[in-house]
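Biologist: Could you walk me through this one? I have the sequence and the structure open.

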Amino acid sequence: MLTVTSLSVRLGDTEALRGVDLTVADGEVVCVLGPSGSGKSTLLRAVAGLEPIAAGTVAWNGADLAGVPTHRRDFGLMFQDHALLPHRDVLANVAYGPRAHGASRKAAEARARDLLAVVGLAGLERRAVRDLSGGEQQRVALARSLAPEPRLLMLDEPLGALDRALRDRLVRELRALFDRRERAVVLVTHDHEEAFALGDRVVVLHDGRVHQDAEPATVWGAPATAFVAGFLGHNVTTAFGPLLAVPPDGLVLDPAGPVAGRVAGRTFRRDHFRIRVTLADATALEVTVPADRVPEPGAEVHLALRPGAGIGLPEA
Amino acid sequence: MPRSSFRPVATAVVALAVAVLAVSAATPSVGAATRPADRTVTLLTHDSFAVSDDVLAAFTAKTGITVEVLRAGDAGQALNQAILTKDRPVADAIYGVDRAFLGRAVGDDLLTRYRPAALTTVPAAYTAGTRGLLTPIDVADVCINVDEAWFAEHHRRAPTTLAALTRPANRDLLVVEDPSTSSPGLAFLLTTVAAFGDQGWQRYWKDLRANGVKVVDGWEQAYYEEFSGGGQGGERPLVVSYASSPAAAVVYADPPIDSSPIGTMTRTCFRDVEYAGVLRNAEHPREAERLVDFMLSEPFQADLPLQMFVYPVREGTPLPEVFTENADVPTDPYSLPAGEIERNRDDWIREWTGIVLR
Amino acid sequence: MSRRTGRVAAITITAVPLLFVAVLFGWPLVAILGRGLAPDGRLDLGPVGDVFTDPSLRGVVWFTVWQAALSTAITLVLGIPGAFVLARMRFPGRDLVRAVVTVPFVLPTVLVGSAFLALGLARSLGAILLAHLFFNYAVVVRVVGELWSHLDPREEDAARVLGAGRWRTFRTVTWPGILPGVLAAGAITFLFCFTSFGVILVLGGPTRSTLETEIYRQTTRFLDLPLAAALSVVQLVAVAALLVVVGRLQRRASTPRGLGAARDLARPPRTATARTFAAVNLAVMAALVGAPLTVLVVRSLTPAGGVGLANYRALGQLRAGSILAVAPLDAVWNSVWIATIATVIAVTVGGCAAWAAARTRSRLVEGILALPLGVSAVTVGFGMLIALDRPPLALRGTVWLVPLAQALVALPFVVMLTAPVLRAIDPRVRDAAAVLGAPPGRVWRTVDVAIAGRALLGAGAFAFAISLGEFGATSFLVRPDTPTLPIVVYRLLSQPGSAAFGAATAAGVVLMALVVVAMVAGDRLRFGRVGAF
């Protein structure tokens, strides 16, 4: 079990992490969600022992890891841009971890072949890594981080540059992989769909602080701060009185609605449209409307709140 | 306690560096052999030093002393190296100090007194100015050489005096060496000082310059490339070289020739002497003395002419036939006192540079 | 714990090259300058002022500067198109041309001087400029070509698509891309021409003197140590200033580039214009580099009165009295083993230096290591003779001093060839290896050494070639019983007679052949072709 307590990390002059708390139990998958620059990658690097810690502790099963160098932590980290060894072929990249842990070449390569099969790259063992496509490189990096059987697996944007179909498939595969193993997993992403699909728990990080740490449904249904709500795509507004988070489908066009505004733009969304309504105070609201009732841009509209759709937020 | 395997790498690098320094410090240096049984002597000299293998081997066989020859550029360079390193000399003996630098060599606490027994066989004139610190070994006359064939071909009469060289008839015929980079060049400058006096030589060089004298850096370039008798397409029939050059021309002729096409203007000569001496802080002073003895011995003296094209100082040393047949020994060469040279040499060279080159 | 050990290791690895330069260069330099400027313990900088007030010395300074500037300009103008041809065009024999073009750079100046004179060239300013071009052409071709071969052609394509003409594309895309290389090559060329010694001495004639030849004259002829030291100080300050300025310019001009070059970007010349361009440049190379080298080969194969191998046979027999002390063939062996030791030292110390240099963006380490290139060999040579004469640094006269001095000369090139490769390694690759359980030593071995190892081997081959051809320092420090090939060539050249000249050319050709083999091997070994001297 990983326990991170009051972790602060400075990168040069900026405070990348400010008092972050995080626990990950064995067998649990925690997704760290946040925009770029929120400190997600720094958190993983600090846990791995790659960034010096300014304050706080990183502990495993209660034992402080300060002073334990990276290579003795037995954590796995899959880097965002893979960081494959450019001079080694696919098999040697995956076998690198087991070899570093003292496995014989034969055993290490056998394990590497197994994992390459798991990620669907059987047959590419002898290819140079730079000749692989982005998706293939990503899967080599994944296989490589799994190969030494780390007690904690950390994945930095594991589905970053993939096309949608491959992404969806890998999300399913990863989920299956996580479910099979009694291993703690931390996954970093900027995509809440991905976080909700993969995480047992979601930790939302912003400006180096944890804004929310909860199960996916809770995060979606009850964002803890205005930032979380906004990041998930909710409208954050005081147009209806108190500070509320309102998902776009929590608003309806209603001539009798209390809030008036003008349609500033509209976007086609498969089975519906999303329109953008500018209010008198120059703030804007995103509203979901059925495809057959889309107002023209520039039209004057009135908006109402669906019952129970507004989520109260703490005043900042 | 976690330990890093970086440490062995760093340790290995340091160990290697230390080992290199340690081994090198333990390696005996030239002329610093520590075992008494290993009798070597190191001779610091100029690049032109040469001796026959068998002559040198005989010395080693007779004395048990091995000679290491350390060549350090031209004569001036070798001497300056000796002066710079005089506290811990790189060698035991030095050979090749000439008249031009005699004053510098004896004035700098560089040498230790030594008088070989065979010095009695050397004319007293050659020991002038040595203060017992240096032993004359050989004599070389720096003279203007004449390509006789060129003058015959052009139906002209070769000049015989210094004064003739400034006449229009001999325009663009002479090539000389820069005295700041060449020993014979410096010797020829001394010739003109001796001939025209402290106040007159400048005028003479102005005239030479006006008459188209060509200046080059070194003797090889002057003789082989510029001199028409040098065999490499040179165009000037007069060159500052040595009285022995006519003999050398026969020795090196290919195909062989009977008599030399080169003559010497025997009234333009400066008599240079080359000296050897024992360095003051030498590690092997006894061996160095044996080496100086050897250089005055008959075998070495007789070997000199054909090895370095200089004349032995030892009276009665037989000369090779090619010398007696082809080379004229000037009867009354110019000379200057060593002290006067030492006091004025650098100023003369600077003055010369201003007159002739700038 | 490990962080501290790591820091200790880092400091140690940085200290090795700095200590090496301090002992072999810094200390001797201080010793000889001290003799000149502080003979009785009190520093007197008066002679430095004389350098700028004495009109003839001022003339020397001025000539040194302008001939170097002119040489550099000519070399860049002719070298940059050549760099393009060898970097971006593919044609049969390109690797060999690339190797041969580099040969002059490591040839001893005495040999080249005589080759130029043998071509019938008169001593003149033109001869100096031509020789500088001959020696430094390779610098421009290699350094600029290196960047050019990494410049993504799609950048140029993008500019063309955006409507830029050829010239505009070159000016806005290509030129900024190669500019760091042009600056580096220009700086190296200027440095070599500024400190040119052999070329000026052999081809300049008595009226042309540079700082370097003037230091030589003042030291060896007049023993005017104060003036020689003053000239050395002026030269050193100028060189250091140059290195700083160029370092600044380069940092400003450089954009980080990845390891890249998985693909060879070179294409065969397809259009008639391209073919003409290639042909013209190859003709320039043939005339400039090929002709003098060919003259040497031809001379070596035509001994007096015929064609044959007599000159080469003479290498095994000729002893020329005691002038050479050993047969020229033994000098081949001396050269090889001395260069091997020098290479091992240069690669070990240079590897440490490159590693230290790659840890920062600052070019300080490279600058310090390049300083010895900017100081007269006479000054350093005499300095070594008086400074390294007592324990624990009693190196003088040992077999070690020559390889150590050669390693000192080769060191900056090893770093210049290796540091860029190390800099190009994504630091996250090292992190990844550590996360996978590799301790720092293993990371270093499996990442740094594995990637830079080939570059280091290539640099080693280059260091080997430099050591083979090194003359200036070697001539000062060589032991009489172990002359190297350049020394033998020099001694043979100063002997009268065509037999000695023939043997000198043969020895020169053997030297050239060794250099070509080392350079071709080095080119083959380099990984991804990142880094250039």
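**A helix in chain C**

Modeller: The buried residues of α5(C) are C:Thr109, C:Val110, C:Leu111, C:Val112, C:Gly113, C:Ser114, C:Ala115 and C:Phe116, where buried stands for 20 or more other C-beta atoms within 10 Å of the residue's own, with C-beta atoms placed from the backbone. Helices (H or I, at least four residues) and strands (E, at least two) are DSSP runs, numbered from the N terminus. This is a predicted model, in which local features need pLDDT of at least 70 and side-chain atom pairs count only at pLDDT 80 or more, while totals for chains, interfaces and linings use all residues. Residues are numbered from 1 along each chain as its sequence is written, and chains are lettered from A and ligands numbered from 1 in the order in which they are written.

Biologist: How many residues of α5 of chain C are buried, and what follows the helix?

Modeller: Eight of the 10 residues in α5(C), which spans 109-118, are buried, so the helix is largely enclosed by the rest of the structure. After α5(C) comes C:Gly120, with a positive phi near 90 degrees.

Biologist: Staying with chain C, how is it divided into domains?

Modeller: Domain 1 of chain C takes 1-43 + 302-373 + 392-533 and domain 2 takes 58-213 + 238-288, with bounds that come from an automatic or database domain assignment. Their centres, taken over C-alpha atoms, are separated by 22 Å.

Biologist: And which residues touch across the two domains of chain C?

Modeller: There are 28 residues of domain 1 of chain C in contact with 27 residues of domain 2 of chain C, contact being C-beta atoms, placed from the backbone, within 7 Å. On the side of domain 1 of chain C that touches domain 2 of chain C, α22(C) gives the most, with seven residues.

Biologist: Switching to chain A, what is the strand order in the open sheet of five strands?

Modeller: The order is β13-β17-β14-β15-β16 (chain A), with antiparallel pairing, and two strands pair if DSSP finds at least two bridges between them. At the edges stand β13 (251-253) and β16 (284-290) of chain A, each with a single partner strand, so one side of each is left without a neighbour in the sheet.

Biologist: How many bridges join β13 of chain A to β17 of chain A?

Modeller: Three bridges join β13(A) to β17 (residues 300-305) of chain A, and the two run antiparallel. The bridge partner of A:Leu253 in β17(A) is A:Leu303.

Conventions: Buried ≥ 20, exposed ≤ 12 C-beta atoms within 10 Å, placed from the backbone.
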